[in-house]
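Please consult the sequence and model below.

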Amino acid sequence: MIEDIELETLINEVYEYYGFDFGSYSRASLKRRVSRVFTLDGFKHFHEFLSKVRTDPEYCKKMIDEITVNVTEMFRDPSFYLTLRKEILPLLGTKPFIRIWHAGCSTGEEVYSMAIMLKEAGLLHKSILYATDINATVLETAKSGIFPLRMIKDYADNYREAGGQEDFSDYYIANYGFAKFNENLSEKMVFSQHNLVSDTSFNEFDLILCRNVLIYFDNNLQKRVVNLFDDSLAVLGFLALGTKETIKYSISQTKYKQFDKEKIWRKIKE
């Protein structure tokens, strides 16, 4: 386990050498993740680790990738997806075109989940799903639409709990221990790198999903990111966060109405 002062040194050095700013990340979470990399890579002393980060850009990139990966799965929290399916998608379906942003999409399982639900609702043809993450490595996995076959039973169970009626196996081809999801899902997706810490709004969306990402940020950065989402959301659009996340302390409550018991808010005015 690295010390607090060592973590601060690392944050400063990574920013100075590579321009990557971890300064607004939650310290407890960041410390756990950096300590894990430190241990797994066999370092005994912090100065050796810091020297490697300073002098080896490839290693620094690998370290950043390791500590920015968020755990995800298809149809995670099925009750959330059931609410999307039954209550949110019918409202979005009244629009001529639907723009959705998955911010912090990680390896893309939730993006494919959304595409499947849009397809079943007859809305995929008039939708576009923007999927962004800070981590280029996980975006490559997301683009490929290839996930371990061992996970598929859990994903299929989640799908059914989320109101899915079709045969889940129709959505992918199984081969050599992996499941590759159909290209008629991914052709409606646009993947790109986007840093919630420093980048700005890039479109106007009808639905923004950023689930279990804000928990890694400190309060000031959470507020900045919620304001970024506000700037990016159309009036009467929806914002969906993770189970432990809220907009309550970040933005005027008169602009938003919590849609139901799930962490979904509707923007009711500019």
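On the surface, V235, L236 and I268 make up a nonpolar patch with about 220 Å² of accessible area together. Patch members have over 30% relative accessible area and no salt bridge, with nonpolar side chains (Val, Leu, Ile, Met, Phe, Trp, Tyr) joined within 5 Å and like charges within 9 Å. Areas follow the Shrake-Rupley method with a 1.4 Å probe, and for residues only the protein chains shown count as cover. A salt bridge places a side-chain nitrogen of Lys or Arg within 4 Å of a carboxyl oxygen of Asp or Glu.

The model is predicted: local features need pLDDT of at least 70 and side-chain atom pairs 80 or more, while totals for chains, interfaces and linings use all residues. Residues are numbered from 1 along each chain as its sequence is written, and side-chain values use heavy atoms, without hydrogens and water.

V235 lies in strand β8 (residues 233-241); strands (E, at least two residues) and helices (H or I, at least four) are DSSP runs numbered from the N terminus. V235 counts as partly exposed because its relative accessibility is 33%, between the limits for buried (under 20%) and exposed (over 50%).

The open, mixed sheet has seven strands in the order β6-β2-β1-β7-β8-β10-β9, where pairing requires at least two DSSP bridges. Its edge strands, β6 and β9, each pair on one side only.

Angles (0 to 180 degrees) are between N-to-C directions of axes fitted to C-alpha atoms, for helices over the stretch in contact.

| Helix | Strands touched | Angle |
|---|---|---|
| α6 (residues 109-120) | β1, β2, β6, β7 | about 170° with β2 |
| α7 (residues 136-144) | β2, β6 | about 170° with β6 |

Notes. Buried < 20%, exposed > 50% of the residue type's maximum accessible area, 1.4 Å probe, protein only. Contact = heavy atoms within 4.5 Å.
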